[in-house]
Amino acid sequence: MDKLQKMTSEKSVVIFSKNSCCMSHTIKTLFIDFGVNPTIYELDEINRGKEIEQALAQLGCSPTVPVVFIGGQLVGGANQVMSLHLNRSLVPMLKRVGALWL
């Protein structure tokens, strides 16, 4: 859990993903298209990926990918991110943490 805290607090936008997950791809593309440079951890490629996935599950993330943290705070998965985007809350949130300057 400490490692997860450290990983999510060091950058303004952190995405936990898997290469095999189409929703992860969609969320990564959304942020990149905004011009955000998220830190992306591919859990199916990194050391201790399973351990991190278990820690995300303990936080209540189900499914465990994609999971997005903005400004060190858990935003949630694809549904939560898309809801923020559709109600026009995502861009102001990204601006507040310095991930977007538009």
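A bit of housekeeping before that. This is a predicted model, where local features need pLDDT of at least 70, side-chain atom pairs count only at pLDDT 80 or more, and totals for chains, interfaces and linings use all residues. Residues are numbered from 1 along each chain as its sequence is written, and side-chain values use heavy atoms, with hydrogens and water left out. When I say helix or strand, I mean DSSP runs, numbered from the N terminus: H or I with at least four residues for helices, E with at least two for strands.

Okay, strand E1. How many of its residues are buried? Five of its five, where buried means under 20% relative accessible area, exposed is over 50%, and partly exposed is in between, using a 1.4 Å probe and protein chains only. In a regular strand the side chains alternate between the two faces of the sheet. Here both faces of E1 are covered: Val-13, Ile-15 and Ser-17 are buried on one side, and Val-14 and Phe-16 are buried on the other.

Now the neighbours. E1 pairs with E3 in the antiparallel sense, over four bridges, and with E2 in the parallel sense, again over four bridges. Two strands count as paired if DSSP finds at least two bridges between them. To pick out particular partners, Ile-15 bridges to Val-68 in E3, and Phe-16 bridges to Tyr-41 in E2.

Keep an eye on Phe-16, please. A search of the whole structure turns up two aromatic pairs. Rings of Phe, Tyr and Trp (its six-membered ring) pair if their centres lie within 6.5 Å; planes under 30 degrees apart are stacked, over 60 edge-to-face, and the rest tilted. Phe-16 and Tyr-41 have ring centres 5.4 Å apart and planes at 20°, so that pair is stacked. Phe-16 sits in strand E1 and Tyr-41 in strand E2, so the pair ties together parts that are 25 residues apart in sequence. Phe-16 and Phe-69 have ring centres 5.9 Å apart and planes at 80°, so that pair is edge-to-face. It links distant parts of the chain too, with Phe-16 in strand E1 and Phe-69 in strand E3, 53 residues apart. Put together, ring pairs link Phe-16, Tyr-41 and Phe-69 into a cluster. Tyr-41 is buried along with Phe-16, and Phe-69 is buried as well.

On to the helices, starting with H2, residues 22–34. That's 13 residues, reaching 19 Å from first C-alpha to last, close to the 18 Å expected at 1.5 Å a residue; the expected span is 1.5 Å times one less than the number of residues. Which residues of H2 are buried? Ser-24, Ile-27, Lys-28, Leu-30 and Phe-31. Those five cover an arc of only 155° around the axis, which puts them on the same side of H2; the arc is that of the directions from the helix axis to the C-beta atoms. On the other side, Cys-22, His-25 and Asp-33 are exposed. The buried residues of H2 pack against strands E1, E2 and E3 and helices H4 and H5, with contact meaning heavy atoms within 4.5 Å.

H1, residues 2–9, has Leu-4, Met-7 and Thr-8 buried. They cover an arc of only 90°, which puts them on the same side of H1. Turned away from that side are Asp-2 and Lys-6, both exposed. The buried residues of H1 pack against E1, E2, H3 and E3.

Where are the cis peptide bonds I'd like you to look at? One runs from Ser-62 to Pro-63, with omega near 0°, and another from Val-65 to Pro-66, with omega near -10°. Pro-63 lies in the loop between H3 and E3, and Pro-66 is in the loop between H3 and E3 as well.

Then there's Arg-48, which has a positive phi of about 65° although it is not a glycine. Arg-48 sits in the loop between E2 and H3 and is partly exposed, at 46% relative accessible area. Arg-88 also has a positive phi of about 65° without being a glycine. Arg-88 is in the loop between H4 and H5, and is exposed at 72%.
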